[in-house]
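The entries follow the order in which I went through the structure.

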Amino acid sequence: MNNGGSWLISGGRILDPVSGRDETADIGIEDGVLADPSELRGRPTIINARGCLVTPPFVDIHVHFREPGDEDAENTASGAAAAVRGGFGAVLAMPNTKPPVDTPCRVKEQIRIAERFLPLKILVSACLSIGRKGLQLADLRAMAAAGAAAFTDDGSTVPDSLMYEAARAAAELNLPILDHALDPEIASNGVIHDGSVAARLGLPGIPSQAEVVVVRRDIAVARQTGARVHIQHVSAAESVALVREARRTGTAVTAEATPHHIALTEEAASSGDANFKMNPPIRSERDRREILKGIRDGTISVIATDHAPHTARAKSAGLLKAPFGVIGLETAVGVTYAELVESGLMQPLEWVRRWTTGPAGVAGLPSPCLDAGAAGNLLIINIADPWTVEPARFASRSRNTPFSGRTLHGRPVFLFLEGRMVFGERP
């Protein structure tokens, strides 16, 4: 690891989502900021970036680091290591820990832990309801004052009356609500998508309607309260259509898609492997195609991993009994590059926007850019050489990936934050 100095990144394809710059050129880093290569002093360390993309670090607004309460699966240290290896300069940690982050004191404690891992920026979200029970609104104002960046009961959907109350408070605070849109009564005890695979395996299914009714509710909440409402991990075609129409009419609603909903369908779960069990579930090919369409046309402005670590023992219980969730930080770049760029669906610059300016806008972060004089934050992605997903090599404590053994292009090889090389090997 290098603690600053002068760097010349040579011959990479520079993709700046703010200026729209897309060209092969050199870029420098000096004294902690980005610099014009012609103005570098002395003899910089040179990184040959031919065959690579040079972008701002990616931003993930949906991660679970499991601390406190489930450190066997992940802790903040291992989650932070997975994030930087995955190419992320900022992440937003979810509050469904044990105990949940539902008081100002717990927000401050999470921030104290997060500050150990600077310059990686770990933002802290706080619960909407006390204990994530959906019965009583948590003290959003006090938690905002303590430093909470967003509010969510992720993993649970709050009832309508509480959602409206929360939204009015969040609107006054100008902080977003992130909603896990899934009606618990409609979802019932389902474990995978309510489709042909569930029928074939004799498993209870989760209908798309469980998501769609709550997405419709959330759009109404945003429209009526003026709150910024963000729909997490969209999985259903009808949800995409609802968000598209809401955004067209100016409603302050945004949405994200995950790499697993982008790349997989219900057929992947037919093996019975619980590494294909997530909530909401991977659905039909029609749903997947509508998600891709939504990403391409900007309806879905954010990609996020929903990095959800679980131990091998927990996931070995099978589709019926294993917990929901898969990890994604260390495979996100490769999987989404393959599905969105290599497939020809979208240009690399637009893909970068879904991972940078889109999520930054939701989280209230400055738009990541590559202007000279900006903070020395920079990601180099090798798209020339193939690599194979090997869970045993992950920095994460968990191995519950649905992409084990997949060969991909698009791998982060260097990450600079505030001018420091936090991931990569010095040339």
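**Entry 1: a loop threonine**

I began with threonine 265, which touches Ile282, Arg283, Ser284, Glu285 and Arg288 when residues up to four places away in sequence are not counted; contact here means heavy atoms within 4.5 Å. Threonine 265 sits in the loop between helix H9 (259-263) and helix H10 (285-297), where helices (H or I, at least four residues) and strands (E, at least two) are DSSP runs numbered from the N terminus. Its relative accessibility is 17%, and threonine 265 therefore counts as buried, the classes being buried under 20% relative accessible area, exposed over 50% and partly exposed in between, with a 1.4 Å probe and protein chains only.

**Entry 2: ground rules**

I note that this is a predicted model, in which local features need pLDDT of at least 70 and side-chain atom pairs count only at pLDDT 80 or more, while totals for chains, interfaces and linings use all residues. Residues are numbered from 1 along each chain as its sequence is written, and side-chain values use heavy atoms, with hydrogens and water left out.

**Entry 3: the whole protein**

I counted 15 helices and 20 strands in the protein. The radius of gyration is 21 Å, close to the 22 Å that the globule rule gives for 427 residues, so the protein is as compact as a globular protein of that length; the radius is taken over C-alpha atoms, and the rule is 2.2 Å times the number of residues to the power 0.38. The C-alpha trace spans about 65 × 45 × 45 Å along the principal axes of the protein.

Of the 427 residues, 60% count as buried, and among contacts with a separation of 6 or more, 76% are between residues 24 or more positions apart. The protein exposes about 16,200 Å², of which carbon and sulfur atoms supply 48%, with areas from the Shrake-Rupley method and a 1.4 Å probe, and with only the protein chains shown counting as cover for residues.

For charges, I found 44 positive and 49 negative side chains, with the centres of the two sets 2 Å apart. Lys and Arg count as positive and Asp and Glu as negative, without His and the chain ends, and each charge is placed at NZ of Lys, CZ of Arg, CG of Asp or CD of Glu.

**Entry 4: helix H13 and the residue before it**

How many residues of helix H13 (residues 332-342) are buried? I found 10 of the 11, so H13 is largely enclosed by the rest of the structure; among the buried ones are Tyr337, Glu339 and Leu340. Glycine 344, which follows H13, has a positive phi near 90°.

Threonine 331 lies in the loop between helix H12 (318-321) and H13, and is buried at a relative accessible area of 3%. Leaving aside neighbours within four places in sequence, I listed Trp387, Val389, Phe394, Thr401 and Phe403 as the contacts of threonine 331.

Proline 323 is found in the loop between H12 and H13, and counts as partly exposed at 26% relative accessibility. Proline 323 and alanine 274 are 49 residues apart in sequence, with their C-alpha atoms 8.1 Å apart in space. Not counting residues up to four places away in sequence, proline 323 touches Lys277, His310, Ala314 and Lys315.

**Entry 5: cysteines**

I found zero disulfides, a disulfide being a pair of cysteine sulfur atoms within 2.5 Å. Cysteine 127 is buried, with a relative accessible area of 0%, and cysteine 52 counts as buried at 9%.

**Entry 6: backbone exceptions**

Most residues other than glycine have a negative phi, and most peptide bonds are trans. A cis peptide bond joins glutamate 67 and proline 68, with omega about 5°, and proline 68 lies in the loop between strand S6 (58-63) and helix H1 (76-85). Leucine 118 and proline 119 are also joined by a cis peptide bond, with omega about 15°.

Arginine 132, although not a glycine, has a positive phi of about 55°, and counts as partly exposed at 21% relative accessibility. Serine 188 has a positive phi near 50°, and counts as exposed at 54% relative accessibility.
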